[in-house]
Amino acid sequence: LTSSNPSWLFSIDTLNASTAQLAIEAGFAMVNDVSGGRRDPAMFPLLARHPTVGLVLMYCKNASGRADRMPPSSLADDVLNRVQGFFDEQLEKAASAGVRRSQLILDPGMGAFISVNPADSVRVLHGLPLLKARYGLPLYIGASRKGFLKALTTVDDGPKG
């Protein structure tokens with residue numbers, strides 16, 4: 001697809017450097033590491049060797065993926081502090097591995113990646129200007145299949161199937 005559609009940009013969501021390597025070799029322009037660089041220690045060195053490939057660092061409450069079985073945060077500012085602490089740590093690790101700042105995009109995660117409490121996702125959305133000011137990097141918000149939005153509305157989207 002990438003060779004026959006050179007103006008299209010492809011991205012892959014993965015937490016495995018070996019999968020990211022295959023995607024890069026196939027011409028993908030961006031890797032969305034859904035563990036934020038915590039799951040595979042080879043991810044940051046891989047991206048450092050490919051300075052033209054973008055890297056989305058996605059926040060997730062735990063390195064294994066979804067956080068929907070973990071307790072919701074109890075303080076209004078806790079979730080945003082947690083996201084900022086995560087980005088502080090992972091940006092340092094990425095820089096130490098040689099990933100260029102120009103490659104980086106931050107995804108604060110949404111829905112089950114943050115907590116079971118829909119209000120936590122809303123707190124993060126309200127905190128986007130803070131994240132932008134603090135890091136000066138592009139922000140990426142994945143809005144697909146976000147159950148927290150349904151929990152905040154009274155709209156019935158019908159049966160799933």
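Reader: What makes you say that both faces of S2 are covered?

Author: Keep in mind that this is a predicted model. A residue is called buried when its relative accessible area is under 20%. Met30 and Asn32 on one side of S2 are buried, and so are Val31 and Asp33 on the other. With buried residues on either side, both faces count as covered.

Reader: Why are S1 and S2 called a pair?

Author: Two strands pair if there are at least two bridges between them. S1 and S2 (residues 30–33) have four bridges, in the parallel sense, so they pass that cut-off. Threonine 14, for instance, sits opposite aspartate 33 in S2. Helix H1 (residues 17–25) packs on the sheet here, touching S1 and S2, and its direction makes about 170° with that of S1.

Reader: What makes S1 and S4 edge strands?

Author: Look at the order of the open sheet, S1-S2-S3-S4, with parallel pairing. S1 (11–14) and S4 (104–107) each have a single partner strand, so one side of each is left without a neighbour in the sheet. Neighbouring strands of this sheet are turned by 20° against each other on average, direction ignored.

Reader: Now the helix H5 (residues 128–135): which of its residues are buried?

Author: Those are Leu128, Leu131 and Tyr135. Seen down the axis of H5, the buried residues fall within an arc of 60°, so they line one face of the helix. In general, an α-helix has 3.6 residues a turn, so residues three or four places apart point the same way.

Reader: Why are Pro129, Leu130 and Ala133 called exposed?

Author: That word is for a relative accessible area over 50%, and Pro129, Leu130 and Ala133, on the other side of H5, are exposed.

Reader: What do the buried residues of H5 pack against?

Author: They pack against helix H3 (78–97), S4 and helix H4 (118–126). Just after H5, glycine 136 takes a positive phi of about 65°.

Notes
Residues are numbered from 1 along each chain as its sequence is written. This is a predicted model: local features need pLDDT of at least 70, side-chain atom pairs count only at pLDDT 80 or more; totals for chains, interfaces and linings use all residues. Side-chain values use heavy atoms; hydrogens and water are left out. Helices (H or I, at least four residues) and strands (E, at least two) are DSSP runs, numbered from the N terminus. Axes are lines fitted to C-alpha atoms, for helices over the stretch in contact, and angles run from 0 to 180 degrees between N-to-C directions. Contact means heavy atoms within 4.5 Å. Buried means under 20% relative accessible area, exposed over 50%, partly exposed in between (1.4 Å probe, protein chains only). The arc is that of the directions from the helix axis to the C-beta atoms.
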